[in-house]
Amino acid sequence: MSVTLVWTRADKATAVVDASHHERKRVVIVGGGFAGIAAARALRHADVDVVLVDRRNHHIFQPLLYQVATAVLSPAEIAAPIRQLEAKQRNLNVLLAEVTDVDIASRSIEASFPGVGDRKIAYDYLVVATGMRPSYFGHDEFAQHAPGLKSLSDAETIRGKILAAFELAEATEDDGERARQMTFVLVGAGPSGVELAASLAQMVRGTLRGNFRRIDPARASIVLLDAGKRVLPTFAESLSRRVTRRLTKLGVKVLTGAKVETVDAQGVVAGGSRIPSATVLWTAGVAASPIPKMLGTNTDRAGRALVDPFLKVVDAPGVFVVGDAASVMQDKHPVPGVAQAAIQEGQYVGRLIAKELKGRKVKRPFRYFDKGNMAVVGKNYAVLERGWLRTSGFLTWLVWAFVHILALPQLQNRLRVQRQWLWSYFTGQRSSRLIPEPPREADPDLTAERPLVP
């Protein structure tokens, strides 16, 4: 199976790759995250051409992204190339491109291919699985000083900021500046914020111990802010209290009920007070990508498409939205934006399309099966909630580790992560403590043309 792409003409009229000329129907999936890949795999035995479009060439196991940001793991250990799916699925074609528009009327999407140009690709079925991006609640200017954590580049940026802060603290002669460099503020006390704060706390008190002559990394201040009343607001209050105590024991200062007013190069203003900090990290909120709004359907406050019980977009035949890009209600409550929900939604839509292609009508709407929510709070401690079951501690942490290793995308990822976790567990060392070099301006003396013969 192949997709023929036509060059954009000089008059900028973009040709459409027409699905109607193909013997088989075409399913276009936008997004190679949990939901998109699950949908593609669910169609592997269907008599259909599947086109998976993503602006990145890799799938990220996002639950462990914070460990890349805190130098526990390297990027390659939690990511896998999307294109490898083609080797296992003959009806699948992977395209590296960014979708810039959706035309419901002509049943096509427009995509920008790096270094090539714009193309339109027609579809019979469209599955939007574009996930989320950081939301700064109307203050996008905060992003310049407070990076979010949604991609590998975000994680590497955060890791570089953290490690560079200690290098600058070691070098400065100003006590005030040293304190600012060694103060880390995390905005948002959901699972990502809690896990990042706990991992950072163990890093400064264990991994970096004895690595500096003029500073003691253990004296770093880690502040976890949230405008809400407690950490982990989606968990039971009893688990929230346990996590707060655990964070405090690790040396994290938890400040709830503190709304962030300003984020700048000098730090944060929250609750009317300024916290001087050179490293502010944003884990507070998320918003959907722009693509759901391109569908012309209603969206919620976070920009997620409002879909029917079958995950279909109303008044858009053949269009589905899954994963974090969809707002799905079940028993008068929204389906949570977690990996397991995205996988189940992707699988459901893939199977639904496969049945429709066989002429079978699907009568059973999507039903989310909650396997429980987990969050890890540093070494040897995690919390789990599933219905009435609420556990925490070392055994829960072992369950967390086992589940996450099994869920990694490739066998080599599982082996690498298992080995690195064991090494880090027994030695306290983290192998990915690298600060990316900033790009340098070209030296005119080196780039100037020179004669071949002196």
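Which residues are linked with Asp49 in a network of salt bridges? Arg24, Asp47 and Asp49 form that network.

The model is predicted, so local features need pLDDT of at least 70 and side-chain atom pairs pLDDT 80 or more, while totals for chains, interfaces and linings use all residues. Residues are numbered from 1 along each chain as its sequence is written, and side-chain values use heavy atoms, leaving out hydrogens and water.

**View 1. Salt bridge between Asp49 and Arg24.** The closest N and O atoms are 2.6 Å apart; a salt bridge is a side-chain nitrogen of Lys or Arg within 4 Å of a carboxyl oxygen of Asp or Glu. Asp49 is in strand 3 (residues 48-54) and Arg24 in the loop between strand 1 (16-17) and strand 2 (25-30), 25 residues apart. Strands (E, at least two residues) and helices (H or I, at least four) are DSSP runs, numbered from the N terminus. Asp49 is buried at 7% relative accessibility, and Arg24 is partly exposed at 28%. Buried means under 20% relative accessible area, exposed over 50%, and partly exposed in between (1.4 Å probe, protein chains only).

**View 2. Salt bridge between Glu156 and Arg159.** The N to O distance is 3.9 Å. Both residues belong to helix 4 (residues 152-171), and about one helical turn separates them because they are three residues apart. Glu156 is partly exposed at 28%, whereas Arg159 is buried at 4%.

**View 3. Salt bridge between Glu356 and Lys312.** Their closest N and O atoms are 3.2 Å apart. Glu356 lies in helix 9 and Lys312 in the loop between strand 20 (305-306) and strand 21 (319-321), so the pair ties together parts 44 residues apart in sequence.
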